[in-house]
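Please consider the following briefing on the chain displayed below. It covers the fold, the helix packing and several individual residues.

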Amino acid sequence: MDTSTATVHGPGLMGGLTGLAKNVFGLLVARVELAALELSEVRNHVLALLAVFALAVICSWFAIAYGTAMIVALAWEAMGWKILLVMFLVFIAATVLLGLKARAMLKEGKLAFPETMSELKNDREMLL
C-alpha cells in the first residue's frame with residue numbers, strides 16, 4: 001500500500017451540511033426581507049382601502065339621513081309613498097357602485113405579494 005499518494009477529500013459530510021445550512025439560512029433571510037418590503041406596500045394599500053371604505057360609509061349615512069328627509073318632505077305631496085321607493089333605489093345604486101369600486105381595488109392585486117410568491121415558487125422548483 002502506497003502512503004505517499006495523498007487523496008484529496010472534500011469538506012466532508014459536516015462541511016457540506018454546514019454549507020447547505022448557511023445557504024438555506026441566507027435564502028430564508030432574503031425571502032423574509034422581500035416579504036417585509038412587500039408587506040409595507042400592502043399595508044399602505046390596505047390603509048387606503050379602509051379609508052375609502054370608511055368615507056363611503058360615512059357619506060352613505062349622511063346622504064341617507066339628510067337627503068332622504070329633505071327629498072321626501074319636498075316630494076311627499078306630489079308623489080306620496082313612491083318617493084320612498086325612488087330614494088331606496090338611488091341609495092341601492094350608490095351602494096352597488098361603491099362595492100364595485102372596492103372590488104376593483106382588490107382585483108388590482110395591490111394586496112398580494114407577487115415578488116415574494118414568485119421567488120418562493122422559484123426556490124421550490126430549484127429544490128425539488
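**Briefing on the predicted model**

R31 has its place in helix α1, where helices (H or I, at least four residues) and strands (E, at least two) are DSSP runs numbered from the N terminus. This is a predicted model, in which local features need pLDDT of at least 70, side-chain atom pairs count only at pLDDT 80 or more, and totals for chains, interfaces and linings use all residues. Residues are numbered from 1 along each chain as its sequence is written, and side-chain values use heavy atoms, with hydrogens and water left out.

**Overall architecture**

- The chain contains three helices and zero strands, and its pattern along the sequence is α-α-α.
- Of the 128 residues in the chain, 12% are buried; buried means under 20% relative accessible area, exposed over 50%, and partly exposed in between (1.4 Å probe, protein chains only).
- Among the contacts in the chain with a separation of 6 or more, 71% are accounted for by residues 24 or more positions apart, contact meaning heavy atoms within 4.5 Å.

**Packing of α1 and α2**

- Two packed helices are described by the angle between their axes and the distance between the axes.
- Helix α1 (residues 12–79) and helix α2 (residues 82–107) have axes that come within 9 Å and cross at roughly 165°; the axes are lines fitted to C-alpha atoms, for helices over the stretch in contact, and angles run from 0 to 180 degrees between N-to-C directions.
- That angle makes α1 roughly antiparallel to α2, given that angles under 35 degrees count as roughly parallel, over 145 as roughly antiparallel, 65 to 115 as roughly perpendicular and the rest as oblique.
- In the contact of α1 with α2, the residues comprise 19 nonpolar, three polar and one charged (Ala, Val, Leu, Ile, Met, Phe, Trp, Tyr, Cys and Pro count as nonpolar, Asp, Glu, Lys and Arg as charged, and the others, Gly among them, as polar).

- L98 is located in helix α2 and is partly exposed, because its relative accessibility is 37%.
- H45, in helix α1, is partly exposed at a relative accessible area of 30%.
- H45 and M105 are 60 residues apart in sequence and 9.1 Å apart from C-alpha to C-alpha.

**Surroundings of R31**

- R31 counts as buried because its relative accessibility is 16%.
- Leaving aside neighbours within four places in sequence, R31 is in contact with E119, L120 and D123.

**Aromatic pair**

- The count comes to one aromatic pair, with rings of Phe, Tyr and Trp (its six-membered ring) pairing if their centres lie within 6.5 Å, and planes under 30 degrees apart counting as stacked, over 60 as edge-to-face and the rest as tilted.
- F62 and Y66 form this stacked pair, at 5.9 Å centre to centre and 10° between the planes.
- Both F62 and Y66 lie in helix α1, four residues apart, about one turn of the helix.
- Y66 counts as exposed, at 58% relative accessibility.
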